[in-house]
Amino acid sequence: MKRGDLIARINKIAKERGQTAVYTEGGSHTKVAVGDLLTTIPRHKEIKEPLARKIIADIEEN
């Protein structure tokens with residue numbers, strides 16, 4: 001999955017919940033906070049599909 005597509009999906013999930021996704025750039029990852037959930041996204045153009053699904057699942061659970 002392209003990194004931009006993953007970020008767009010995270011933004012959509014946050015908006016559906018009435019929340020905002022907050023992004024903070026770290027060393028080699030981007031930290032994402034949606035509500036009280038904090039996760040990281042690698043800074044690659046392509047993110048492997050299993051990892052992208054895991055990140056989305058984590059955000060959808062909270």
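Predicted model: local features only at pLDDT ≥ 70, side-chain atom pairs only at ≥ 80, totals over all residues.
Reader: How many salt bridges does a search of the whole structure find?

Author: The search finds 4 salt bridges.

Reader: Which residue does Arg 9 form a salt bridge with?

Author: Arg 9 pairs with Glu 60, and their closest N and O atoms are 3.4 Å apart. Arg 9 belongs to helix H1 and Glu 60 to helix H2, so this contact ties together parts 51 residues apart in sequence.

Reader: Turning to Arg 43, how far apart are the closest N and O atoms in the salt bridge with Glu 25?

Author: They are 2.9 Å apart. Arg 43 sits in the loop between E3 and H2, while Glu 25 is in strand E1 (residues 21-25), so the pair joins parts 18 residues apart in sequence.

Reader: And what is the relative accessibility of Arg 43?

Author: The value is 37%, so Arg 43 counts as partly exposed.

Reader: Which side chain meets that of Lys 2 in a salt bridge?

Author: That of Glu 46 does, with an N to O distance of 3.1 Å. This pair links distant parts of the chain, 44 residues apart. Glu 46 is in the loop between strand E3 (37-42) and helix H2 (49-61), and Lys 2 is in the segment before helix H1 (3-16).

Reader: What is the relative accessible area of Glu 46?

Author: Glu 46 has a relative accessible area of 46% and is partly exposed.

Key. Residues numbered from 1 in each chain as written. Heavy atoms only, no water. Helix = DSSP H or I, 4+ residues; strand = E, 2+ residues; numbered from the N terminus. Buried < 20%, exposed > 50% of the residue type's maximum accessible area, 1.4 Å probe, protein only.
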